[in-house]
Amino acid sequence: MSAKIDLSMFFLSISSAAYMGLGIQVPGYDAPPRVDLDLARQNIDLLELMSEKTRGNRTPEEDRLLEHLLLETRMRFLEVQRNTAGKKV
């Protein structure tokens, strides 16, 4: 039986997809890492949308988690984008 999904798990799932798009290996995912900035951007945008749409309805822990995930995924996106500029990915 799988664990019940909650808002934090949902945010973590979206951020995992963003990390995969950034070519960062996600635990439990065996495929070789591949950079897909469109996939990463789409999932970061989804985190931003969820931030906007759930504002005022999150626990303080969910707020901190979402803020952390947004900061980390945005920073890593910029880093990968800068490192892959002009390279074929």
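A residue is buried when its relative accessible area is under 20%. By that cut-off, helix H3 buries Glu-62, Leu-65, Leu-66, Leu-69, Leu-70, Thr-73, Phe-77, Val-80 and Thr-84. These residues pack against H1 and helix H2 (37-54). The model is predicted. It holds seven salt bridges, and its largest nonpolar core has nine residues.

**Helix H3**

- H3 covers residues 60-84, 25 residues in all.
- From first C-alpha to last, H3 reaches 36 Å. That is close to the 36 Å expected at 1.5 Å a residue.

**Nonpolar cores**

- The largest core is made up of Ala-18, Tyr-19, Leu-22, Val-26, Leu-37, Ala-40, Ile-44, Phe-77 and Val-80.
- H1, H2 and H3 are the elements that give two or more residues to this core.
- H2 supplies the largest share, three residues.
- Leu-37, a member of this core, is in contact with Gly-21, Leu-22, Phe-77, Val-80, Gln-81 and Thr-84, leaving aside neighbours within four places in sequence.

**Tyr-19**

- Tyr-19 is found in helix H1.
- Tyr-19 counts as buried because its relative accessible area is 17%, below the 20% cut-off.
- Beyond residues up to four places away in sequence, Tyr-19 touches Ile-24, Val-26, Glu-72, Thr-73 and Arg-76.
- Tyr-19 and Glu-72 are 53 residues apart along the chain. Their C-alpha atoms are separated by 9.6 Å.

**Salt bridges**

- Glu-72 also forms a salt bridge with Arg-76, with the closest N and O atoms 3.3 Å apart.
- Both Glu-72 and Arg-76 lie in H3, four residues apart, about one turn of the helix.
- Arg-76 is partly exposed, at 35% relative accessibility.
- Salt bridges that share partners join Arg-41, Asp-45, Glu-48 and Arg-74 into one network.
- Within that network, the side chains of Arg-41 and Asp-45 meet at 2.9 Å, N to O.
- Arg-41 and Asp-45 are four residues apart in helix H2, so about one helical turn separates them.
- Arg-41 is partly exposed at 30% relative accessibility. Asp-45 is partly exposed at 36%.
- Arg-34 pairs with Asp-36 in a salt bridge, the closest N and O atoms being 3.7 Å apart.
- Arg-34 counts as exposed because its relative accessibility is 56%, over the 50% cut-off. Asp-36, at 22%, counts as partly exposed.

**Surface patch**

- Ile-5, Met-9, Phe-10 and Leu-12 form a nonpolar patch on the surface.
- Together they have about 360 Å² of accessible area.
- Phe-10 is found in helix H1, residues 7-21.
- Phe-10 is partly exposed, with a relative accessible area of 32%. It qualifies for the patch because patch residues need over 30% relative accessible area.

Technical notes:
Residues numbered from 1 in each chain as written. Predicted model: local features only at pLDDT ≥ 70, side-chain atom pairs only at ≥ 80, totals over all residues. Heavy atoms only, no water. Patch = residues over 30% accessible without salt bridge, like charges linked within 9 Å, V, L, I, M, F, W, Y side chains within 5 Å. Areas by Shrake-Rupley, 256 points an atom, 1.4 Å probe, with all protein chains shown as cover. Salt bridge = Lys/Arg side-chain N within 4 Å of Asp/Glu carboxyl O. Buried < 20%, exposed > 50% of the residue type's maximum accessible area, 1.4 Å probe, protein only. Expected span 1.5 Å × (residues − 1). Contact = heavy atoms within 4.5 Å. Core = buried A, V, L, I, M, F, W, Y, C linked by side-chain atoms within 4.5 Å.
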